Amino acid sequence: MTSKKAYAIVDTAPAEPLSFDADLCIGCNACVDVCQVDIMIPNPKVGLPPIVLYPGECWYDGSCVDACPEPGAISLNSQAKDRVLFKRKHTGEDFYT
Ligand code: SF4
């Protein structure tokens, strides 16, 4: 019997579209299944967050966050060009939405 192995090479794009909280993630891979552009693969270690293989291909549509059953387990990091820096009128404090 021949064993089958799959090899994956991570895209080294500087983008980091997703963050995972390993304490909240249950490794269900709902986010992997729903991703429109297949940027993730399931973690070979059951119960851990998926591996983002192609961060530079992310469409930032948020479908992974919507599909996640564990609030806070996955976060979408908007692209820097889409982040708007606001300033509070009363305090002068800068903040992102
Ligand atoms: S959908 Fe949420 S809980 Fe499931 S693997 Fe993705 S981040 Fe983890």
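In which loop does Tyr-60 lie? Tyr-60 is placed in the loop between β3 (51–52) and α2 (63–67), where helices (H or I, at least four residues) and strands (E, at least two) are DSSP runs numbered from the N terminus. The structure is a predicted model, in which local features need pLDDT of at least 70 and side-chain atom pairs count only at pLDDT 80 or more, whereas totals for chains, interfaces and linings use all residues. Residues are numbered from 1 along each chain as its sequence is written.

The protein averages a pLDDT of 89, and 98% of the residues score at least 70, pLDDT being the predictor's confidence in each residue, from 0 to 100. Among the elements, α1 has the highest mean pLDDT (98) and strand β6 (residues 94–96) the lowest (78). Where pLDDT is low, the predicted coordinates should not be read in detail.

The protein has two helices and six strands, which follow the pattern β-α-β-β-α-β-β-β when read along the sequence. The radius of gyration is 17 Å, well over the 13 Å that the globule rule gives for 97 residues, so the protein is more spread out than a compact globule; the radius is taken over C-alpha atoms, and the rule is 2.2 Å times the number of residues to the power 0.38. Along the principal axes, the C-alpha atoms fill a box of roughly 70 × 25 × 20 Å. Of the 97 residues, 18% count as buried, a residue being buried if 20 or more other C-beta atoms lie within 10 Å of its own, exposed if 12 or fewer, and partly exposed in between, with C-beta atoms placed from the backbone. Among contacts between residues at least 6 apart in sequence, 52% join residues at least 24 apart, two residues being in contact if their C-beta atoms, placed from the backbone, lie within 7 Å.

The largest nonpolar core has 14 residues, of which Cys-31, Cys-35, Met-40, Cys-64 and Ile-74 touch the most other members. Both β1 (18–20) and α1 (30–34) supply at least two residues each to this core. Such a core is a set of buried Ala, Val, Leu, Ile, Met, Phe, Trp, Tyr and Cys residues joined through C-beta atoms within 7 Å. When residues up to four places away in sequence are not counted, Cys-64 touches Leu-18, Cys-31, Val-34, Cys-35 and Ile-74.

Around the ligand there are 15 residues, among which Cys-25, Cys-28, Cys-31, Cys-68 and Ile-74 come nearest; a residue is near a molecule if its C-beta atom, placed from the backbone, lies within 6 Å of it. This shell divides into twelve nonpolar residues, two polar and one charged, with Ala, Val, Leu, Ile, Met, Phe, Trp, Tyr, Cys and Pro counted as nonpolar, Asp, Glu, Lys and Arg as charged, and the others, Gly among them, as polar.

Val-32, in helix α1, is buried, because 20 other C-beta atoms lie within 10 Å. Leaving aside neighbours within four places in sequence, Val-32 is in contact with Met-40, Ile-41, Pro-42 and Pro-50, while Val-32 and Cys-68, 36 residues apart in sequence, are 9.7 Å apart in space, C-alpha to C-alpha.

Most residues other than glycine have a negative phi. Asp-38, however, has a positive phi of about 50° although it is not a glycine, and Tyr-60 likewise has a positive phi of about 55°. Asp-38 is found in the loop between α1 and β2 (40–41) and counts as exposed, with 11 C-beta neighbours inside 10 Å, whereas Tyr-60 counts as partly exposed, with 13 such neighbours inside 10 Å.

Finally, Leu-85 lies in strand β5 (residues 85–87) and is exposed, because 8 other C-beta atoms lie within 10 Å. Not counting residues up to four places away in sequence, Leu-85 touches Asp-94 and Tyr-96. Leu-85 and Tyr-96 are eleven residues apart in sequence, and their C-alpha atoms are 4.9 Å apart in space.
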